[in-house]
Amino acid sequence: SITAALRPQGPGSPPPRDPSPRREAASCTPRAAVMEGFLWKKGERGMVKGFKRRWFVLERSGRLRYFDDASLAKEHGDVDVTRATRVSRGNPAKVRGGAKAFSANVFELEVPGRAYTLIPEQPGALADWVGALASCVDLSSFRGDLRGIAESALGRSAAATTAMVAVPDSPPGPAPPRGPPPPPSPPSP
């Protein structure tokens, strides 16, 4: 890959990383990456509040870390996605700069105290990232069509989940009869 060709090789050098997003079987258990790849992230600090391209790593622990690039040399921050209160589509009209070309994939991840606006740049990567996040985030946090994507990633159907949520608690009724139906009554004379 291009990244591998540019990175110095030798003893002690980290193995080359492919810049395309990768996904493993997802489960939020510590110390392994569920998904990693480039996302555009909207900045909230400094003079420029535009989008910056960052390498993100979603760990099985539910920690989403972001770096300058795939070398993981400089970490810029992390998010505990297990505390997410909302995962929803973002507003493509608000995307500016280099990320504009990917604005159809914009989504927002809200945690207490901050909302992260993120944009995957590879085709199909939105579903991959939403599916990976679904392994760490409560499904009730997903909104709109992202809920369906998350449910599909977890192997659940939206209809089944809706039916489970929509059925009100009701007192139990009489138990249904077991066994074959009783024989018909003899005709009366």
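Leaving out neighbours within four places in sequence, Glu59 contacts Ala32, Ala33, Val34, Arg65 and Cys136, where contact means heavy atoms within 4.5 Å. The structure is a predicted model, in which local features need pLDDT of at least 70 and side-chain atom pairs count only at pLDDT 80 or more, while totals for chains, interfaces and linings use all residues. Residues are numbered from 1 along each chain as its sequence is written, and side-chain values use heavy atoms, with hydrogens and water left out.

Glu59 belongs to strand E3, which covers residues 51-59. With a relative accessible area of 14%, Glu59 is buried; the term stands for under 20% relative accessible area, against over 50% for exposed and partly exposed in between, with a 1.4 Å probe and protein chains only. Its side chain forms a polar contact of 2.9 Å with the side chain of Arg65. A polar contact is a pair of N or O atoms within 3.5 Å; within protein, one must be able to donate a hydrogen and the other to accept it, and residues adjacent in sequence count only if both atoms are side-chain atoms.

The protein chain contains four helices and eight strands, in the order α-β-β-β-β-β-β-β-β-α-α-α from the N terminus. Helices (H or I, at least four residues) and strands (E, at least two) are DSSP runs, numbered from the N terminus. Of the 189 residues of the protein chain, 33% are buried. Contacts between residues at least 6 apart in sequence include 43% that join residues at least 24 apart.

The mean pLDDT of the protein chain, on the predictor's confidence scale from 0 to 100 for each residue, is 74, and 63% of residues reach 70 or more. Residues 23-30 have pLDDT below 50, yet this stretch makes 24 contacts in the model beyond near neighbours in sequence. Over residues 157-177 pLDDT also stays under 50, and the model has five contacts there beyond four places in sequence.

The largest nonpolar core has 29 residues, of which Leu58, Leu64, Val81, Trp129 and Phe142 touch the most other members. Such a core is a set of buried Ala, Val, Leu, Ile, Met, Phe, Trp, Tyr and Cys residues joined through side-chain atoms within 4.5 Å. Two or more residues come from each of strand E2 (33-42), E3, strand E4 (63-67), strand E7 (107-111), strand E8 (114-120), helix H2 (125-134) and helix H3 (145-153). H2 contributes the most, with seven residues. Beyond four places in sequence, Val81 is in contact with Leu58, Gly62, Leu64, Leu109, Leu133, Cys136 and Val137.

Helix H2 is mostly covered, since eight of its 10 residues are buried: Ala125, Leu126, Trp129, Val130, Gly131, Ala132, Leu133 and Ala134. Strand E8 is mostly covered as well, with five of its seven residues buried. E8 pairs with E2 in the antiparallel sense over three bridges, where pairing requires that DSSP find at least two bridges between two strands. Trp40 stands opposite Ile119 in E8. E8 also pairs with E7, in the antiparallel sense and over five bridges; Thr117 in E8 is the bridge partner of Glu108. The hairpin of E7 and E8 has two residues between the strands, and Gly113 in this hairpin takes a positive phi near 95 degrees.
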